[in-house]
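Subject: Structure handover

Hello,

Here is the structure I promised. Please open it alongside this email; my notes follow below.

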Amino acid sequence: MVESSIILEVKRLEVNRGGTMILKVPSLQIKQGEILALIGPNGAGKTTFLQTISYLLIPFRGQIFVKGAEVGRDYSILDYRRRLAMVFQEPLLFDTTVFHNVASGLKLRGLKKSEIRNRVMEQLERLGIAHLRDRSAKGLSGGEAQRTSLARAFALQPDLLLLDEPFAALDPPSRESILGDLEEILPQSGTTVVFATHDRQEAFALSDRVAVMRGGAFLQLGTPEEVVNHPVDEFVASFVGVETLLKGEVTQKNGGTIVVSVSGKRVEAVGDVGRSESVILCIRPEEVLLSLPPYPETVSARNVFTGKIVKMVPMGPYQKVHLDCGFPLIAYVTHHSQKALSLMEGKTVRASFKATAVTVIKKG
């Protein structure tokens, strides 16, 4: 992310429809060159937020500032919108060639033909579709069409690029190909981006910060590492991939380490929580290691439990293993590990995880 000034700021942003608050963002600042991902389930308010800050959805309450100037007072809405570009889930291309689609916004801005050609060809090359310049938009695949839509947006050299789930309708290979290209293109371009998606992996791959949304509000805003490793509540934890959420009570506190009673079992964790407090323990499945007897005498993990496999679910390159350790616990193993350990439903295994692998959330 480019360390620079604040390019966009919102204050007390609210949208009400039919007496219901569908968006409420008290404050948000976005830096020049930053990539902010909005994640959350359908109906969380991601699209509403994008439509509001682009003035596609009005009226609303609150203020929007661009480089310190208030839109609608110091800066006209029309001038502000000319500094934006937006890419939707559907490419929304004109019935003309790829070249003319990418050039369309530049023509509306009255640029010279030579400048238009240079900008268009630069973006076609950057997005790997220069060979399609004379192809009709009607004959494009989904991935090619979305690359054309992205090229059209980048050609405008916008101050702010808004992406509204632009890859949701693409097949996995096309989506992964475009994401891979954008991981290189976005830092090189220095474009400021707000990116809405329900796919957390897309968000983590592209963003500098992630905002987890629900009910039109930001539940947590931070770097991908902060949101993944330190979720603020159960919803955020489950949405960013925490498979095991355990309710318990703190029974011991030793410096920065605590012992939590979970269904009569002792679970050690790192956290600043007082005795007798109720907490939720978050354990990511990739942090849980499985082994078979004869067990080694010692392990580095502070938490070691014997459990029975109650269910195994294929998850692409992994197997999702559901365990009963006196409390439910989930682990991921590779197919190779599954075969090497002969894992199957009903088998008894040992599960271990470190105290540092447990995220502690205070209840209430």
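Start with F167. Leaving out residues up to four places away in sequence, F167 touches Q146, L150, R175, I178, L179, L182, F195 and E202 (contact: heavy atoms within 4.5 Å).

Before you go further, a caution. This is a predicted model: local features need pLDDT of at least 70, side-chain atom pairs count only at pLDDT 80 or more, and totals for chains, interfaces and linings use all residues. Residues are numbered from 1 along each chain as its sequence is written, and side-chain values use heavy atoms, without hydrogens and water.

F167 belongs to the largest nonpolar core, which has 47 residues. A nonpolar core is a set of buried Ala, Val, Leu, Ile, Met, Phe, Trp, Tyr and Cys residues joined through side-chain atoms within 4.5 Å. Buried means under 20% relative accessible area, with a 1.4 Å probe and protein chains only. V120, L124, L150, F154, L161, F167 and L182 touch the most other members. Helix 5 (residues 142–155) gives the most to this core, 6 residues. Helices are DSSP runs of H or I, at least four residues; strands are runs of E, at least two; both are numbered from the N terminus. Another core lies apart, with 31 residues, including L8, I30, L50 and V66.

Now T192, in strand 8 (residues 192–197). T192 counts as buried because its relative accessibility is 0%. The T192 side chain reaches the backbone nitrogen of G33 at 2.7 Å. Beyond four places in sequence, the contacts of T192 include I7, I30, K31 and D159.

Best wishes

Technical notes: Buried means under 20% relative accessible area, exposed over 50%, partly exposed in between (1.4 Å probe, protein chains only). A polar contact is a pair of N or O atoms within 3.5 Å; within protein, one must be able to donate a hydrogen and the other to accept it, and residues adjacent in sequence count only if both atoms are side-chain atoms.
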